[in-house]
Amino acid sequence: MTTTIARPDVRTRRPVLADPVPAPMPVPHATREVAGPPALLVEGVTKRFVVGRKRKPVVAVDDVSLHVGRGEIYGLLGANGGGKSTLIRLMSTLLTLDTGRIEVFGHDVERDEMAVKRLINRVSVDAAFFKKLSPMENLLFAARMYGLPDATARAESIRILARLGISEKRLGRPTEQMSRGMQQKVAIARALLTSPTVLLLDEPTTGLDPRSKLDVQSFVEDVRTAHDASIVLTTHDLAEAERLCDRIGILDSGRLVVEGTAEALKTRVAVEHGRAPTLESAFMAWTGRSLDDDVEESGGEEDGDD
Amino acid sequence: MTVATRELRASYAFIARNFSLSRRYWGWELAFFVYALAGALAISFIGAAEGDPSLTFSLIIGAVFWNYLSTVFSFIAETIAWERWEGTLEYTMMAPVRRSSQLLGSTLYAVMYGLVHTAVILVVLVAFFGLDLASANVPTAVVVMLVGSFSIIGIGTMAAILPLLYVERGAQMTFVLQSVILVVSGVYYPVDVLPQWMQVLSKLSPATYILDGVRAGLLDGASVADVMGDLVPLAVMGAVLIPAGLWAFGRAERYAKRTGKLKRVG
């Protein structure tokens, strides 16, 4: 198995594949080349958890380095327990780093936590709300925490949810009466409401019906275009990753084993491993497992949605 | 928007959210109110059975003001536990809100909720037992309650840490702590009747001083100056416990982020 961990170039902070792609491949959506720090910089990040007493720490994220350019959608693929959600939580300031550093537009997630919090938002696989409250009450609560005026928050909530196919008259009833797909759309609206410049989407379409999945996917594309947002997307859906992501990184047991555009990965797996030029083959080739596999030794924090 | 405005707005977010929750759970609110009222009545009837108006009034004060203190304490202490139950804890913790603003919002709502709840119960009980408040010094009781609230907020903030540190048992621990405060604070009896070791605990409980000061004001007509012996310990406890609670909360949050305990739902 070839392992090519991406390391950032010292001058440009762009990751350089240790084993470069044979030929340059087109990037689906060119990231904007602007001066200044990248939208997201992850450098040498490791996170361990101790599960139970007298047990050796489990390494959930192992020396991961990557960067996400402004306006870029970066996909993270990995089996359950592979470290995707832990990495997202580290970026979200919900976990502290053992080693390494993460910066959002030059702000360190640990030293400048409040500034980072104002720039990011996150959607996770579980649409967590106060279930008795209506979607509008939940959204207003979120908006107020981020300092948005109520009138703006109401108008934006209605606009975003209408774009996702949820009508205004649906927003006054308890959230618990909504389907899983509708709740997930409200969760996406909650994240978008605060106009994050970095949006962390942790399996946002897992468990959704095909129609809702398409709604969310096309909305993600709109968000990148209209809001100038940089997005990290974790997913189990290879077609989704191929459709949405400018570049894809594959995590295996907490390590970033390869990254590149979908086309580059497909070409490499065909050239280097003699396999069919698909993302599924690429995933199998670099991890030795199927995307649906669960990693046995999952971290203490990785028991649900990774 | 200035930092202060933003933080006040964030505090308001928690007040508005908690009000919405009370409104949405109105059936439970009604049930809890009836239970609290029935409990206060049942205890006060012990005084009526003895034919001792002073004892009845003392029990009413214990029942009513314990209702206030326990309501404020549990609202603050369960701030984190609620979010765990709903699964929203991570979203709240990653919002750009200072913990002091979050706790201020939760605390203000708890105090407002507790005052309304308690005032209604007090009015019902006073009317029910036909109590004469002519000789009571109400301002003294109000001052003691206000000063005492700070220390209860401080203890509540410290108790709120427990669900942050212990995913499942934290809420149980806050419940046990509240029960201990009830037993040692002389809510329904003088603390002199407690065993010596429990009397030591009673001196550490702000509820002891609050109930003592309120009783002195309402039963004996004591002035604010007369209850300085209660007010000084309460002021000291408030001044120490609130900053200590905020500091400890920050440490606990850091620990939860290091160990991944923000994620788990209770």
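Predicted model: local features only at pLDDT ≥ 70, side-chain atom pairs only at ≥ 80, totals over all residues.
Strand S3 (residues 40-49) and strand S6 (residues 99-104) of chain A run antiparallel to one another, paired over five bridges. Helices (H or I, at least four residues) and strands (E, at least two) are taken as DSSP runs, numbered from the N terminus, and two strands pair if DSSP finds at least two bridges between them. Put together, four strands of chain A make an open, antiparallel sheet in the order S4-S3-S6-S7. Strands S4 (58-68) and S7 (107-108) of chain A sit at the edges, each pairing on one side only. Helix H1 (residues 84-91) of chain A packs on this sheet and touches S3, S4 and S6 of chain A, contact meaning heavy atoms within 4.5 Å. The direction of this helix makes about 120 degrees with that of S3(A); axes are lines fitted to C-alpha atoms, for helices over the stretch in contact, and angles run from 0 to 180 degrees between N-to-C directions.

Now for the meeting of the two chains. On the chain B side 36 residues are in contact with 44 residues of chain A. Between them the chains bury about 3,600 Å², 57% of it on carbon and sulfur atoms (the accessible area, 1.4 Å probe, that two parts lose on being put together, summed over both).

Six salt bridges link chain B and chain A, a salt bridge being a side-chain nitrogen of Lys or Arg within 4 Å of a carboxyl oxygen of Asp or Glu. One joins Lys257(B) to Glu113(A), with the closest N and O atoms 2.7 Å apart. The elements that give two or more residues to the side of chain B touching chain A are helices H1 (3-24), H4 (79-86), H5 (89-93) and H12 (228-259) of chain B. H1(B) gives the most, with twelve residues.

Over all chains the count comes to 33 salt bridges. Arg24(B) and Glu137(A) form a salt bridge too, at 3.0 Å from N to O. Arg24(B) lies in helix H1 of chain B and Glu137(A) in helix H3 (residues 135-145) of chain A, so this pair joins two chains.

Technical notes:
Residues numbered from 1 in each chain as written. Chains lettered and ligands numbered in written order. Heavy atoms only, no water.
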